[in-house]
Amino acid sequence: MVTWPSRRGRPAGTGPEGGDRWGHAVVIGAGFTGLLAARVLADRFARVTLLERDRLAPGTTHRSGLPQGRHPHGLLARGAAVVEELFPGIRAELAGRGAPVFDFGAGFATRLPHGWAPRAAIGVEVQSFDLTALESALCDRVRAEPAIRIRDGFLVEAVELSTDRSRAVAVTGRDRDDPGHAPVRIDADLIVDAAGRASRLPGWLAAAGLPRPERHRVASPLVYSSRMYELPRDAAPGWLVSFEMTFPPLVHRGGAAVTVDRGHRLVSVIAPASQLPPPRAEAALREFAGTLDNPHFAHVMEHGRPVTPVYRCPVGGNQWIRYDRLRLFPDRLLVLGDAFCAFNPVYGQGLTVAALQAQRLGLLLRRAAGPAGVARRFQRRAAGIVRVPWLIATAADQGWSPTGPDPAVSCVRAFLGLVLRRAPGDPVLYARFALVQNMLTSPLGLLRPSLLWRLLRPRTPVAPDPGESGPG
Ligand SMILES: Cc1cc2nc3c(=O)[nH]c(=O)nc-3n(C[C@H](O)[C@H](O)[C@H](O)COP(=O)(O)OP(=O)(O)OC[C@H]3O[C@@H](n4cnc5c(N)ncnc54)[C@H](O)[C@@H]3O)c2cc1C
């Protein structure tokens, strides 16, 4: 028998609670979700193989399977705490490379639909970073785990089921560097699909004669148009992240600017494709940024030196593939991250939801006696994690629908609209809303009588916009 030492040097064959290790787990996709899933699986399985179709070069290198890596990302405080729990010291490691850690209320300049959010510390620490840098730091950690093997340049082409289709038993695929591209079969005791929006699992299930899961979709026409700038010290603004929120049908266009290290800001303007100037039309893009209510994007474009081309990326809308509702679903197969549920990213929820799912998977694995049955339990729990973020994102995005929102979400939209209208003039309300935004408290917390009174009392005057460049 091959012996695999564990991360903390436990003898192979001994689980975290003294049980036997469970053999071999396979993860499809080495994006953010796949890396976190591999980390938790390595505490339970003797071997974990992470299969990634792209080549994963060392260092912070962009790759085709991560198109969103060119665009600003924010990790909500709850998600950041989970990542830190799974990879202790990662926040300090990124901070050492320049990614700032700061108070959400003080460091974020947020333009809400009806005015600027109050700027004051609220006691919630967040960090801004470049997604590619975060993933490469996580990948280095995962690579260093003796139980985990990353097989990159490997395209998974199918999941193989047992003859009675009751469980998944293997994946098949091809090594891209193998000149003959001979198919390779990899046996597994548990298979995790973390292939993101590119996941082909619904088709593979259908090909095996199983029902296709329902696909719930709420579209968004938004496209990000992003570029990295180097900003001279004398032009450094007084914010670390700046944001202009879209809220259809009221606000159709917005933007985000993120400090990825002391010298660099990653800036994006966000709008329906039909409204965005083409990537090469730099002057038109700057002009477009100048028409937004938040002047910070135009400021960076004007004073910064571009260090990348302009990249565009459609947000892809919200999509929840209801594996959790399938009665006939093979055991030993589970799905998480964007492959399960992907959100319109302007609400900043995708990474945090994926992190919470990985954390929950780790918990289920710790409690289970073996891999059998974990998948179904996990998929139900994952649906529970998705429910509230899905409601928030889709209630907002139903504003894009030409027929208007479903009556079922109208009251959620009306409540959200009221919070957004009142937050600019009310630091207490905004601080509570920021906790909800960061998934640190439930939205139901906003229904407390003291906050309801703040929402319903006669309107206090909103502080005027603080000048040409917004709250600096
Ligand atoms: C423009 C934009 C901005 C965003 N901003 C935010 C934000 O601010 N905050 C936030 O939380 N989220 C944001 N998101 C969402 C966030 O990027 C995703 O939720 C997250 O990256 C999903 O990670 P994942 O690992 O599930 O999927 P992915 O990142 O898509 O990773 C899947 C991996 O699987 C690999 N793969 C796919 N198919 C196969 C196969 N057959 N065989 C082998 N490998 C395969 C791919 O190459 C890829 O590496 C944003 C998204 C976009 C597009």
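**Close-up 1. Elements around the largest cavity.** Helix H2 (77-86), helix H3 (90-96) and strand E7 (125-129) each contribute at least two residues to the lining of the largest cavity, where helices (H or I, at least four residues) and strands (E, at least two) are DSSP runs numbered from the N terminus. The model is predicted, so that local features need pLDDT of at least 70 and side-chain atom pairs count only at pLDDT 80 or more, whereas totals for chains, interfaces and linings use all residues. Residues are numbered from 1 along each chain as its sequence is written, and side-chain values use heavy atoms, with hydrogens and water left out.

**Close-up 2. The lining of the largest cavity.** Among the lining residues are Leu 75, Glu 84, Arg 91, Gln 127 and Phe 129; lining residues have an atom within 4 Å of a point of the cavity. By class, the lining comprises eight nonpolar, one polar and two charged residues, with Ala, Val, Leu, Ile, Met, Phe, Trp, Tyr, Cys and Pro counted as nonpolar, Asp, Glu, Lys and Arg as charged, and the others, Gly among them, as polar.

**Close-up 3. Two arginines with positive phi.** Arg 165, in the loop between strand E9 (154-161) and strand E10 (168-175), has a positive phi of about 60° although it is not a glycine. Arg 332, which lies in the loop between strand E20 (318-321) and strand E21 (333-335), has a positive phi near 65°.

**Close-up 4. A cis peptide bond.** The bond from Pro 248 to Pro 249 is cis, with omega near 0°, and Pro 249 sits in the loop between strand E15 (241-244) and strand E16 (254-261).

Key
1 Å grid on protein atoms, 1.4 Å probe; cavity = no way out; pocket = protein on both sides within 12 Å on 5 of 7 lines; lining within 4 Å.
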